[in-house]
Amino acid sequence: MRIAFCVIATGKYGRFVGPLWESAQRFFLAGHDLRLVLFSDAPPPVRCDWVAIAHRPWPGPTLYRYHTLLAAQGRLQPCDYVFYCDADMRFVAPVGEEVLGQRVAVLHPGFCGKPACEFTYERRPESRAYIPPGLGTHYYAGGFQGGRTDDYLAAAQAMRQAIDDDLRRDLVAIWHDESHWNRYCLDRPPTVVLPPEYCCPESWPMPGRKLLALDKNHAEIRSP
């Protein structure tokens, strides 16, 4: 099967692309036709399908994630599956066909096993990402997600519209695109829910880790 592996890496995030792609080629869906689709403001350090984009100040790169992906919809459509992965991540163990499904989400390691009252959903009713108290049973991480191409692109289109609606009212959800992803997953539950081992902080000694969110200085890497 053809798998689009999408990474957005502008500004200082470009330093992570080479190691991430090396780890993906080693561990992610071995035996399938894996294609890196890189959205970047600089020539790529690896062979890939490069989509040149401008760098936006933080939180632009993450807030406009779905706008960015949909700008290359024509390149993604021929693939069977599309997966998005944050640039500052690294595969450390095999990830196989257990991740294949219509809509794939990962339980956020910071909230797994906690009561829903502790989830940092968007709580302002004015936002399209709003989740009222009492609703929602999971909090999903934004750093790794995907699904069948048509299903994932439909999700991206819905979230792009919701983000644009918020912006027209000068609203930005508390956790940007992740807040909208959680709202979408409430309305359209994922068909595959992965445990937090698929999006685990590098410094956490969680057994069975497969995909790590690398430790880094956020202030430094997000600075101009």
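The following legends describe views of a predicted model.

The model is predicted, so local features need pLDDT of at least 70 and side-chain atom pairs count only at pLDDT 80 or more, whereas totals for chains, interfaces and linings use all residues. Residues are numbered from 1 along each chain as its sequence is written, and side-chain values use heavy atoms, with hydrogens and water left out.

**Figure 1. Overall fold of the protein.** The protein comprises seven helices and 10 strands (DSSP runs of H or I with at least four residues, and of E with at least two, numbered from the N terminus). Its radius of gyration, taken over C-alpha atoms, is 16 Å, close to the 17 Å from the globule rule for 224 residues, so the protein is as compact as a globular protein of that length. That rule is 2.2 Å times the number of residues to the power 0.38. The C-alpha trace spans about 45 × 40 × 35 Å along its principal axes.

**Figure 2. Burial in the protein.** Of the 224 residues, 50% are buried (under 20% relative accessible area, with exposed over 50% and partly exposed in between; 1.4 Å probe, protein chains only).

**Figure 3. Surroundings of Gln161.** Gln161 lies in helix H5, which covers residues 149-168. This residue is partly exposed, at a relative accessible area of 39%. Leaving aside residues up to four places away in sequence, Gln161 touches Arg128 and Arg168 (contact: heavy atoms within 4.5 Å).

**Figure 4. Gln161 and Trp204.** From C-alpha to C-alpha, Gln161 and Trp204 are 35 Å apart in space, with a sequence separation of 43 residues.
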